[in-house]
Amino acid sequence: MKKSEIEIGCTYSNGRGRERKVVDIGPQYKFYDVQSIENMRYEVVKDGSARNRTAGTQHNMTLAAFAAWAKER
């Protein structure tokens, strides 16, 4: 998936049972110390990984990393 295809309010899947909903995009969600406008906040909708994140929790990520993770909308 391309970074430009990621939209606020949409839910994405990695094709393995994990789903994330994009909450917001902007520099205020920086994940690393380097300031970048390409950061986002997402909410866990469904998680089937070993980390077993709770649905409804929110996390930050870079758009590039999310685009690499997301396989389908």
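Lysine 3 and glutamate 38 form a salt bridge whose closest N and O atoms are 2.9 Å apart. Lysine 3 sits in the segment before β1 and glutamate 38 in the loop between β2 and β3 (39-46), so this pair ties together parts that are 35 residues apart in sequence. A salt bridge here is a side-chain nitrogen of Lys or Arg within 4 Å of a carboxyl oxygen of Asp or Glu.

A word on the basis of all this: the model is predicted, so local features need pLDDT of at least 70 and side-chain atom pairs count only at pLDDT 80 or more, while totals for chains, interfaces and linings use all residues. Residues are numbered from 1 along each chain as its sequence is written, and side-chain values use heavy atoms, with hydrogens and water left out.

**Charged pairs**

Side chains of opposite charge can pair when their charged atoms come close. The structure holds three salt bridges, and here they are together:

| Salt bridge | Closest N and O atoms |
|---|---|
| Lysine 3 and glutamate 38 | 2.9 Å |
| Arginine 73 and glutamate 7 | 3.4 Å |

How exposed are the partners? Relative accessible area sorts them: buried means under 20%, exposed over 50% and partly exposed in between, with a 1.4 Å probe and protein chains only. Lysine 3 is partly exposed at 34%, and glutamate 38 is partly exposed at 33%.

Next comes the salt bridge between arginine 73 and glutamate 7. Arginine 73 lies in the segment after α1 (63-69) and glutamate 7 in the segment before β1, so the pair ties together parts that are 66 residues apart in sequence. Arginine 73 counts as exposed at 57% relative accessibility, whereas glutamate 7 is partly exposed at 39%.

Helices (H or I, at least four residues) and strands (E, at least two) are DSSP runs, numbered from the N terminus. Four strands make an open sheet in the order β1-β2-β3-β4, with antiparallel pairing. β1 and β4 are the edge strands, each pairing on one side only. On average, neighbouring strands are turned by 40° against each other, direction ignored; the axes are lines fitted to C-alpha atoms. Two strands pair if DSSP finds at least two bridges between them, and three bridges join β1 to β2. Tyrosine 12 stands opposite arginine 20 in β2.

**Aromatic rings**

Rings of Phe, Tyr and Trp (its six-membered ring) pair if their centres lie within 6.5 Å; planes under 30 degrees apart count as stacked, over 60 as edge-to-face and the rest as tilted. The whole structure has three aromatic pairs. In one of them, tyrosine 12 and phenylalanine 66 have ring centres 5.7 Å apart and planes at 90°, so the pair is edge-to-face. This pair links strand β1 and helix α1, 54 residues apart. Tyrosine 42 and phenylalanine 66 form a tilted pair, with 6.1 Å centre to centre and 40° between the planes. Tyrosine 42 is in strand β3 and phenylalanine 66 in helix α1, so these parts, 24 residues apart in sequence, are tied together. Tyrosine 42 and phenylalanine 66 are both buried, as is tyrosine 12. Tyr12, Tyr42, Phe66 and Trp69 form one aromatic cluster.

**Asparagine 14**

Asparagine 14 is in the loop between β1 (11-13) and β2 (19-25), and counts as buried at 8% relative accessibility. A polar atom of the asparagine 14 side chain lies 2.9 Å from the backbone nitrogen of arginine 16.

Notes. A polar contact is a pair of N or O atoms within 3.5 Å; within protein, one must be able to donate a hydrogen and the other to accept it, and residues adjacent in sequence count only if both atoms are side-chain atoms. Axes are lines fitted to C-alpha atoms, for helices over the stretch in contact, and angles run from 0 to 180 degrees between N-to-C directions.
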